[in-house]
Amino acid sequence: LQAFYEKLNKDRPEEIYLVRSTHVEQHADMNAVVIKQIEKQIQLGIKVNVITPTLDSLRERIPTDSARLIERRIIDRSVFETSSQIIIYNNIVAHTTYRNPTVTTVIEHKDIAETLMAMFNIIWKKTLAETQEHIKKYTS
């Protein structure tokens, strides 16, 4: 995972697309790596579009989204349990599982990235209303 983050930071895309894992927070060492990467992305000015299931941590995270260059969609965890994380940018897809052992698979292929982006975009477009309802719950 760290090697992939180093590549991402070197590539410095303007924007990345992320499907968040529900398992990262269960592993303190991996969560620390992710938090460090978020700080680096802010420093580099990388915007993050994230699709996330409902999580308790969102109550703390949502108020800081703008400062952290994050735009998100939120889907009820009962229908969107995400055991692994997916990051897409340019023609690159990185798929990470945080269960033991942590494994990241990086695929650099235009067709694969385009297919996953098409899926990401459909979810993104179809979940705006649900996201707005979840944000009301988390911020009230």
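**Note on a predicted single-chain model**

1. Asn-31 is buried, at a relative accessible area of 17%. Buried here means under 20% relative accessible area, exposed means over 50%, and partly exposed is in between, with a 1.4 Å probe and protein chains only. Asn-31 sits in helix 2, residues 28-44. Not counting residues up to four places away in sequence, Asn-31 touches Val-24, Glu-25 and Arg-61. Contact means heavy atoms within 4.5 Å.

2. Basis of the values. The model is predicted, so local features need pLDDT of at least 70 and side-chain atom pairs count only at pLDDT 80 or more, while totals for chains, interfaces and linings use all residues. Residues are numbered from 1 along each chain as its sequence is written, and side-chain values use heavy atoms, with hydrogens and water left out.

3. Elements. The protein chain holds 5 helices and 6 strands. Read from the N terminus, their order is α-β-α-β-α-β-β-β-β-α-α. Helices (H or I, at least four residues) and strands (E, at least two) are DSSP runs, numbered from the N terminus.

4. Overall dimensions. The radius of gyration of the protein chain is 14 Å, which agrees with the value near 14 Å that a compact globule of 140 residues would have. This radius is taken over C-alpha atoms, and the globule rule is 2.2 Å times the number of residues to the power 0.38. The C-alpha trace spans about 40 × 30 × 30 Å along its principal axes.

5. Contacts and burial over the whole chain. Of the 140 residues, 45% count as buried. Taking contacts between residues at least 6 apart in sequence, 67% of them join residues at least 24 apart.

6. Nonpolar cores. The largest nonpolar core has 21 residues, and those with the most contacts inside it are Phe-4, Tyr-5, Leu-8, Ile-16, Ile-87, Tyr-89 and Tyr-98. At least two residues of this core come from each of helix 1 (2-11), strand 1 (15-19), helix 2, strand 2 (47-53), strand 4 (84-89) and strand 5 (92-97). Helix 2 gives the largest share, 5 residues. Apart from this core lies another, of 12 residues, among them Val-19, Phe-80, Ile-88 and Met-117. A nonpolar core is a set of buried Ala, Val, Leu, Ile, Met, Phe, Trp, Tyr and Cys residues joined through side-chain atoms within 4.5 Å.

7. Tyr-5. Residues up to four places away in sequence aside, Tyr-5 touches Val-33, Val-34, Gln-37, Gln-85, Ile-87 and Tyr-98.

8. Thr-22. This residue lies in the loop between strand 1 and helix 2. At 5% relative accessibility, Thr-22 counts as buried. Its contacts, leaving aside neighbours within four places in sequence, are Pro-53, Leu-55, Arg-77, Glu-81, Thr-82 and Ser-83. Thr-22 and Ile-42 are 20 residues apart along the chain, and their C-alpha atoms are separated by 22 Å.

9. Ile-123. Helix 4 (residues 110-126) contains Ile-123. The residue is partly exposed, with a relative accessible area of 28%. Beyond neighbours within four places in sequence, Ile-123 is in contact with Ile-51 and Ile-75. Its C-alpha atom is separated by 27 Å from that of Leu-44, 79 residues apart along the chain.

10. Backbone points to check by eye. Asn-100 and Pro-101 are joined by a cis peptide bond, with omega about -5°. Pro-101 is placed in the loop between strand 5 and strand 6 (103-108). Arg-12 is not a glycine, yet has a positive phi of about 50°. Arg-12 is in the loop between helix 1 and strand 1, and is partly exposed at 48% relative accessible area. Leu-69, also not a glycine, has a positive phi of about 60°. The loop between helix 3 (58-61) and strand 3 (70-75) holds Leu-69, which counts as partly exposed at 29% relative accessibility.
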